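Reader: I would like to learn how to read salt bridges and interfaces in a model. Can we work through one together?

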Protein chains: 2
Amino acid sequence: MLTVYSDAHHAHHAQFELIDGKLVPPFEHPRRAEMLLAQVQQANLGEVLPAKAVGLEPILRVHDPGYVAFLQTAWQEWVAAHGDETDALPLNWATRTMRHDRIPETIDGKLSYYSFDAGTPIMAGTWHAATAAARVALTAQQLITDGAAAAFGLCRPPGHHAARDFYGGYCFLNNAAIAAQAFRDAGAARVAILDVDYHHGNGTQAIFYDRSDVLFVSIHGHPKQEYPYFLGYEDERGSGAGEGYTYNYPLLWGTDWGMYEEALTDALQHIQRYAPDVMVISLGVDTFEKDPISKFRLRGADYHRMGAAIARLGIPTLFVMEGGYAVEEIGVNAVNVLLGFEAAS
Amino acid sequence: MLTVYSDAHHAHHAQFELIDGKLVPPFEHPRRAEMLLAQVQQANLGEVLPAKAVGLEPILRVHDPGYVAFLQTAWQEWVAAHGDETDALPLNWATRTMRHDRIPETIDGKLSYYSFDAGTPIMAGTWHAATAAARVALTAQQLITDGAAAAFGLCRPPGHHAARDFYGGYCFLNNAAIAAQAFRDAGAARVAILDVDYHHGNGTQAIFYDRSDVLFVSIHGHPKQEYPYFLGYEDERGSGAGEGYTYNYPLLWGTDWGMYEEALTDALQHIQRYAPDVMVISLGVDTFEKDPISKFRLRGADYHRMGAAIARLGIPTLFVMEGGYAVEEIGVNAVNVLLGFEAAS
């Protein structure tokens with residue numbers, strides 16, 4: 001399997017993140033991608049290709065133009081207002097009874113408007129790294145459009161929490177959604193997205209919620225227990241033309257492979273019935289038993305089984321990297337999915 | 001003028017707050033109330049009375065029972081999950097495309113659901129202090145219901161950002177709204193609230209937005225520039241039965257007394273036409289030129305003028321303390337409003 005990777009992710013390196021009421025070294029760290037790349041090479045998964053240059057068009061097929069413009073200049077505006085000593089963080093959010101129809105003019109207001117959490121800092125290199133991650137996904141997508149059976153987009157920062165017009169959960173541009181839309185624009189009639197990250201892919205779901213041409217299926221920590229809390233329930237099934245094209249499998253803390261496999265089998269059956277031309281896997285390995293911020297109990301060998309189960313559908317498959325914060329094992333676990341896929345293909 | 005004060009506010013003392021991307025000593029600090037009390041005494045404003053015991057009923061007339069139950073146990077739940085080393089802070093919020101109809105079961109999820117900003121920590125004494133502030137407001141309200149022409153509820157923590165079911169902006173229980181409702185429940189037909197805090201009183205506005213029996217009028221930093229960003233525009237005029245009973249005066253950074261007085265005069269005319277039985281002033285003095293987090297340019301003597309203008313309406317008036325973060329001057333400025341009121345009464 002070919003992997004696509006870009007060094008540009010190093011430009012996004014948070015000073016800290018706010019979690020459990022304190023500032024701690026960031027879980028979403030450049031070393032994650034380095035460990036992934038090292039394991040891709042050590043396991044001889046296949047050649048590693050650089051990301052190709054791509055304009056903003058495929059990003060704007062998924063994201064709001066105002067949001068994209070904001071991301072491009074947010075750091076400069078932050079520095080003009082507050083200096084460059086600290087990363088840019090928002091302070092408040094438009095919840096119940098508040099308006100969403102007016103976009104503030106000041107950078108603090110814009111950060112608040114265009115975000116949904118307090119743990120996703122913006123810094124000098126964020127836009128550079130985020131667009132590079134989108135280019136990684138798009139380059140890998142092109143490999144499949146050109147005939148490859150599978151490819152791995154080693155994206156960082158991740159993307160599945162980013163919606164049409166807001167960021168959060170370490171995500172700025174929704175790499176998986178951008179790739180799925182690019183598949184559609186390249187002629188695929190139906191695209192399925194399977195999100196196996198521990199956290200619900202709220203951004204991806206929202207982007208395709210009213211569409212039948214992109215199926216979204218997610219297996220994740222139950223939102224009544226887990227971030228992002230406010231999306232990912234079983235009764236979310238899509239709306240309008242998209243009704244019946246979203247499936248959620250919220251699973252409780254402590255879920256092990258036995259319980260997980262049951263959901264995965266069901267999820268894959270839905271995808272099979274949909275008969276997509278191509279499949280995008282939002283690949284998070286924070287379902288791992290030793291993940292520092294997650295509470296599932298998957299083990300190393302389970303990732304091999306996951307890859308094999310996905311391969312049995314026989315659909316061209318793009319793997320897009322999402323989360324996973326047990327940094328020492330992230331490479332082994334993610335590459336196990338890919339090796340399992342290859343072995344069963 | 002009588003003042004009501006409770007020492008209990010000391011129990012709410014944040015370790016830090018997150019502002020401009022860094023953790024800093026909290027602006028909303030117990031010393032604020034101490035400076036206010038000292039100036040009340042030094043200026044011989046009048047006797048200082050303790051807060052009377054009050055049950056939860058008047059609080060539940062304004063706030064959601066689930067929210068009140070959450071506030072009562074939030075710290076214990078936080079400690080059970082994360083220990084008592086750090087204050088409890090939320091992490092993410094339900095913005096566009098997210099659900100508000102399911103309340104998470106875990107404390108991190110509940111903090112996220114019941115809040116709207118990342119700068120309002122909960123600690124061991126928060127519930128105790130917040131209910132004491134509500135009791136301060138209610139005790140002062142009772143003085144007026146019993147015949148006093150004016151009273152000062154020296155509340156801390158403040159209240160006007162707290163809505164029916166969420167906290168934020170240093171506010172947990174909406175002291176002014178609770179007092180306004182108590183006036184209604186004690187027989188006042190019409191209550192007017194004038195909010196002169198630098199920040200829009202989004203919580204108060206939302207609580208009474210669809211009601212004609214409580215007029216809400218606010219003069220504040222324009223939401224296109226200032227926190228809380230997502231409420232406080234001029235076109236918000238109330239809804240349903242409340243249509244025409246909300247007035248907002250959003251003013252731009254740099255506003256001085258000349259510009260402010262124009263808005264105040266207009267605001268007071270609306271209140272006069274409404275002919276309320278009683279008036280509640282949400283008294284913030286963060287409109288002060290030296291306030292560290294605000295950008296208006298009011299000076300010391302302007303607060304005297306503000307109090308005099310309010311007094312000229314000749315309506316029984318409850319002053320409820322809200323914001324003001326220039327700690328050294330907070331007492332002088334707030335008491336200047338009260339002295340100006342007394343002099344013109």
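Author: Start with one residue: A:Arg31 is partly exposed, at a relative accessible area of 33%. Buried means under 20% relative accessible area, exposed over 50%, and partly exposed in between (1.4 Å probe, protein chains only). This is a predicted model: local features need pLDDT of at least 70, side-chain atom pairs count only at pLDDT 80 or more, and totals for chains, interfaces and linings use all residues. Residues are numbered from 1 along each chain as its sequence is written, chains are lettered from A and ligands numbered from 1 in the order in which they are written, and side-chain values use heavy atoms, with hydrogens and water left out.

Reader: Which residue meets A:Arg31 in a salt bridge?

Author: First the rule: a salt bridge is a side-chain nitrogen of Lys or Arg within 4 Å of a carboxyl oxygen of Asp or Glu. Here the partner of A:Arg31 is A:Glu328, at 2.5 Å from N to O. The pair links distant parts of the chain, 297 residues apart: A:Arg31 sits in helix H1 (residues 30-42) of chain A and A:Glu328 in helix H10 (residues 327-344) of chain A. Helices (H or I, at least four residues) and strands (E, at least two) are DSSP runs, numbered from the N terminus. In chain B, B:Glu328 and B:Arg31 form a salt bridge, with the closest N and O atoms 2.5 Å apart.

Reader: What salt bridge does B:Lys110 form?

Author: B:Lys110 meets B:Glu77, at 2.9 Å from N to O. B:Lys110 lies in helix H4 (residues 107-113) of chain B and B:Glu77 in helix H3 (residues 65-82) of chain B, so the pair ties together parts 33 residues apart in sequence. B:Lys110 counts as buried, at 17% relative accessibility. B:Glu77 counts as partly exposed, at 23%. Salt bridges that share partners also join A:Arg99, A:Asp101, A:Arg102, B:Asp235 and B:Glu236 into one network.

Reader: How do I read the area that chain A and chain B bury between them?

Author: The size of an interface is often given as the accessible area lost when the parts come together. Buried area is that loss (1.4 Å probe), summed over both parts. Chain A and chain B bury about 5100 Å² between them, 61% of it on carbon and sulfur atoms. A:Arg96, A:Arg99 and A:Phe230 supply 17% of the area that chain A buries against chain B, more than any other three residues.

Reader: How many residues of each chain are in contact?

Author: Contact means heavy atoms within 4.5 Å. By that rule, 52 residues of chain A are in contact with 52 residues of chain B.

Note on methods:
Buried area is the accessible area (1.4 Å probe) that two parts lose on being put together, summed over both.
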